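Q: I have a model open and would like to learn how to read its features one by one. Could we go through it together?

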Amino acid sequence: MEESGGDKSQKASNAIPGSPPSDIMDLSRMEDRMSFAYFERCTINRSDNAITVENAAGTIYVPAASLSVLMLGPGTKVTHRAMELIGENGATVIWVGERGVRMYAFGKPLTHSSALLQRQAALVSNSRSRLAVARRMYEMRFEGEDVSGLTMQQLRGREGARVRKAYRACAKETGVAWTKRSYNPNDFDSGSEIDQALTAAHTCLYGLVHAAIVSLGCSPGLGFVHTGHERSFVYDIADLYKAEISIPVAFRITAKGVYDIPGEVRRAMRDEFYRTSLVKKVVKDIKSLLLFEEDAKTDGDNLYLWDEKCGEVPSGVQYSSAVSGEEIEGDVP
């Protein structure tokens, strides 16, 4: 379905109508953005550089550059121009179904640099460095404990005990009956109330972490603890915060006996993200894990050519003679 006036304007001016795309340097940093916004039974469109959300009650405007995650619930319609704007501004879009949440698409990174992605790929491709990063992830969960000599098997055991302890503590505090985590990922409604709440809470956390990862230019699929899945790194990072954020929220909402558990959990997670400034923490932790103490440049619009001896050589140069070494300046490829 075409949008009114778009084609006529484009033919007349031979340019795309509306405001020009935001320059990447003008976009809000990931850590300064709203965690997520959820909408259902409405139409998502755009007006200049804002997302419009329209239903029978009226229209609201959301600055696209301030969004981390846009969650689209049942009955939502979204236009091509809205998706274009969302992509230009580096926001993640998640389609939210009544039986669970599926990742549909994500926007472009908020950086043109591939420094963090290259660093991530190098670390995960070497067994020693991969183990070192995995241990650092576990160290962040076991504050004050030395895990440098533990194997991955031992670390997994320690982590399993920590999570079980978190479940038991939340169950005791809220009075929610708890035995173990049991749910069918393909049938959300078949789970118990607490399992539904946990699934909804974890999904919100996954969405926010996924948005942070792709906004920094990293790969969601290159995990250090998890492996083999397109969101392995998402699960790695999200696991750092479950015991402090999503698990307590899920038990607290379940204990209230509310009718709309997924909706109440989403709203509670939104408030918790704001209260804990989680976006800033996620960005800081990812950079800490991948960069260690190095002062690597992860921003800017730097483009180089790879060289097996030098590592990097300038682009925008015409290397016309490999023998003489003559260089002629030219356009960036």
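Q: Which strands form a hairpin with 2 residues between them?
A: Before the answer, a word on the source: this is a predicted model, where local features need pLDDT of at least 70, side-chain atom pairs count only at pLDDT 80 or more, and totals for chains, interfaces and linings use all residues. Residues are numbered from 1 along each chain as its sequence is written, and side-chain values use heavy atoms, with hydrogens and water left out. Helices (H or I, at least four residues) and strands (E, at least two) are DSSP runs, numbered from the N terminus. Here the hairpin is formed by strand 2 and strand 3, and Asp48 in its turn has a positive phi of about 55 degrees.

Q: How do strand 2 and strand 3 run, and how many bridges join them?
A: In general, strands of a sheet pair through backbone hydrogen bonds, either parallel or antiparallel. Two strands count as paired if DSSP finds at least two bridges between them. Strand 2 and strand 3 run antiparallel and are joined by 5 bridges.

Q: What is the strand order of the open sheet?
A: The order is 4-3-2-6, an open sheet of 4 strands with mixed pairing. Strand 4 (58–63) and strand 6 (77–78) each have a single partner strand and stand at the edges, so one side of each lacks a neighbour in the sheet. The parallel part of the sheet is where strand 2 (residues 43–47) meets strand 6, through 2 bridges. There, Thr43 stands opposite Lys77 in strand 6.

Q: Which residues of strand 2 are on its covered face, and which on its uncovered one?
A: Ile44 and Arg46 make up the covered face, while Thr43, Asn45 and Ser47 are on the uncovered one. Now look for what lies across the sheet. Helix 2 (residues 80–88) lies across strand 2, strand 3 (50–55) and strand 6, at about 65 degrees to strand 2. Such angles run from 0 to 180 degrees between N-to-C directions, and the axes are lines fitted to C-alpha atoms, for helices over the stretch in contact.

Q: Which residues of helix 2 are buried?
A: Buried means under 20% relative accessible area, exposed means over 50%, and partly exposed is in between (1.4 Å probe, protein chains only). In helix 2, the buried residues are Ala82, Leu85, Ile86, Gly87 and Glu88. Just after this helix, Gly90 takes a positive phi of about 70 degrees.

Q: Is Thr52 buried or exposed?
A: Thr52 is buried, at a relative accessible area of 9%. This residue lies in strand 3. With contact meaning heavy atoms within 4.5 Å, and neighbours within four places in sequence left aside, the partners of Thr52 include Thr43, Asn45, Thr59 and Tyr61.

Q: How many residues are in the largest nonpolar core?
A: A nonpolar core is a set of buried Ala, Val, Leu, Ile, Met, Phe, Trp, Tyr and Cys residues joined through side-chain atoms within 4.5 Å. The largest one has 56 residues, and Ile237, Phe251, Val265, Met269, Phe273 and Ile286 have the most contacts inside it. Helix 6 (residues 193–215) gives the most to this core, with 13 residues. Another core, of 16 residues, lies apart from it and has Ala37, Ile51, Ala82 and Leu85 among its members.

Q: At what angle do helix 6 and helix 9 pack?
A: Two packed helices are described by the angle between their axes and the distance between the axes. For helix 6 and helix 9 (residues 261–276), the angle is about 40 degrees and the axes are 9 Å apart. That makes helix 6 oblique to helix 9; angles under 35 degrees count as roughly parallel, over 145 as roughly antiparallel, 65 to 115 as roughly perpendicular and the rest as oblique. Among the contact residues are Ala197, Ala201 and Leu208 of helix 6 and Val265, Met269 and Phe273 of helix 9.
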